[in-house]
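Q: Can you walk me through this model, starting with the strands and then going on to the rings and the cores?

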Amino acid sequence: MRILIVTQYFWPESFVVNDLVRWLTKAGHSVTVATGKPNYPTGELAPGYTRDKVQCETFAGSQVFRIPSRPRHQSTALNLALNYLSFAWSGLLWFPRLLKRQEFDVILVLAMPITAALPAILLRWIKRCHLALWVQDLWPQVVTSTGFVDSRFVVAILHVLVRFIYRAADTVLVQSNQFVGPIAKMIPKKKIFVLPNFAPPSDEVLPLPLAIAGLFPRRFSVVFAGNLGRAQSLSTIVHAARILRFHPEILIVVAGTGSHAETLRESVTAAKLTNVQMIGMLDRRMMPELFRHADCLLVTLGDHPALNATIPSKIQAYMKAGRPIVGAINGAAADLIVSAGVGLTVQAGDGAGLAQSILALTKMPAIERLEMGRAGRAYYEKHFDADQVLSRLLGILQREMSCHA
């Protein structure tokens, strides 16, 4: 197939779309990527990229077109809105010209944010090809759940925009069953397909820096990895750490960065917590080693219907690592952890309950924790393996394209 992928985020930013492109090109498909300038998660452009010019490059055998777009800078509501709108507006102006001589069978949009679909809708009309959205968040609910938007007028506009985007798509792919109901209120349910996230392949593994590897011996290590933003309810980790500070054998290691990384660091410092170590953002190739050193893996999320429908992609990576998971989280993610038998969960925001769950894991026989990890790994291989998920993606697209032909 001739596939155009439209995504606001792309390499060297660390998202699964990079592995999607590698997989598709390796499978023999012709892939073109239409994207912006990399600036996540720091908010500043990556070295070698300029804000204003179109830049073209290749990645894993695919052609990549990068359009001018405004970096997010500090992740305030205004900066994020300008970043999202900048990509959408620039895409409407540039993508039709850059892709004028190319034909596609399908346009696949990684709808993070959903506004990235706007230029893809224009291209779909121009190219007369199939348009598929892969949705990772429930919009506009996700922006109200994180507190970035509280204006009823803005939310009303977003509702209209989101409905327009969903109706313009031929196929909508969602990451959990809990997405289906809300989206089916806007479009026919037959257009919606559940396609879970997958963990990135770990073809190349790098060792941890010695300073980080040295944190783990003789401690029960609880590792949180990923985005440090408002949705992650980082105060829950601080609350749990306060309770666990009298258990020096337990260490919470936080790997990642994001809009609330400094807030978390300040909270840890203010509380004089020595049982929390923030190690910053690591090369993704180090993550398998980080998880291998961990005794359990941590996930937290706020309590909101949009967040409760979400299964953070880190959970698939955690399962693949074969380690127990401990979570303060509601909804689809909690249900998954429990049904897979991979760990312990408490309600979102329950720092005291999270601390008790971590203590319960420390007292659990090592063989039981090992069995939890094995259960998670088995569940991953059955449901979230990359080859399986992406083969299902191709099957859905080919079937739906033939239906709409």
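What follows is a short exchange about strand pairing, aromatic pairs and nonpolar cores.

A: Before we start, this is a predicted model, in which local features need pLDDT of at least 70 and side-chain atom pairs count only at pLDDT 80 or more, while totals for chains, interfaces and linings use all residues. Residues are numbered from 1 along each chain as its sequence is written, and side-chain values use heavy atoms, with hydrogens and water left out.

Q: OK, is strand β13 buried or exposed on its faces?
A: Strand β13, residues 325-328, is covered on both faces, with Ile325 and Gly327 buried on one side and Val326 and Ala328 buried on the other. Buried here means under 20% relative accessible area, exposed over 50%, and partly exposed in between, using a 1.4 Å probe and protein chains only. Strands (E, at least two residues) and helices (H or I, at least four) are DSSP runs, numbered from the N terminus.

Q: And which strands join β13?
A: Strand β12 (residues 296-300) pairs with β13 in the parallel sense over four bridges, and β13 is also joined by four bridges to the parallel strand β14, residues 343-346; pairing requires that DSSP finds at least two bridges between two strands. Threonine 300 stands opposite alanine 328, and valine 326 stands opposite leucine 344 in β14.

Q: Switching to rings, how many aromatic pairs are there?
A: The count comes to ten, where rings of Phe, Tyr and Trp (its six-membered ring) pair if their centres lie within 6.5 Å, and planes under 30 degrees apart count as stacked, over 60 as edge-to-face and the rest as tilted. One of these pairs is tryptophan 125 with phenylalanine 164, which is edge-to-face because the centres are 6.5 Å apart and the planes at 70°.

Q: Where do those two lie?
A: Tryptophan 125 lies in helix α3 (residues 117-127) and phenylalanine 164 in helix α5 (residues 152-168), so the pair ties together parts that are 39 residues apart in sequence. Tryptophan 125 is partly exposed at 48% relative accessibility, and phenylalanine 164 is partly exposed at 40%.

Q: Last topic: how many residues has the largest nonpolar core?
A: That core has 79 residues, and those with the most contacts inside it are Ile5, Trp134 and Tyr166; a nonpolar core is a set of buried Ala, Val, Leu, Ile, Met, Phe, Trp, Tyr and Cys residues joined through side-chain atoms within 4.5 Å. Helix α16, residues 386-404, gives the most to this core, with eight residues. Apart from it lies another core, of 39 residues, among them Ala199, Val253, Leu301 and Ile315.
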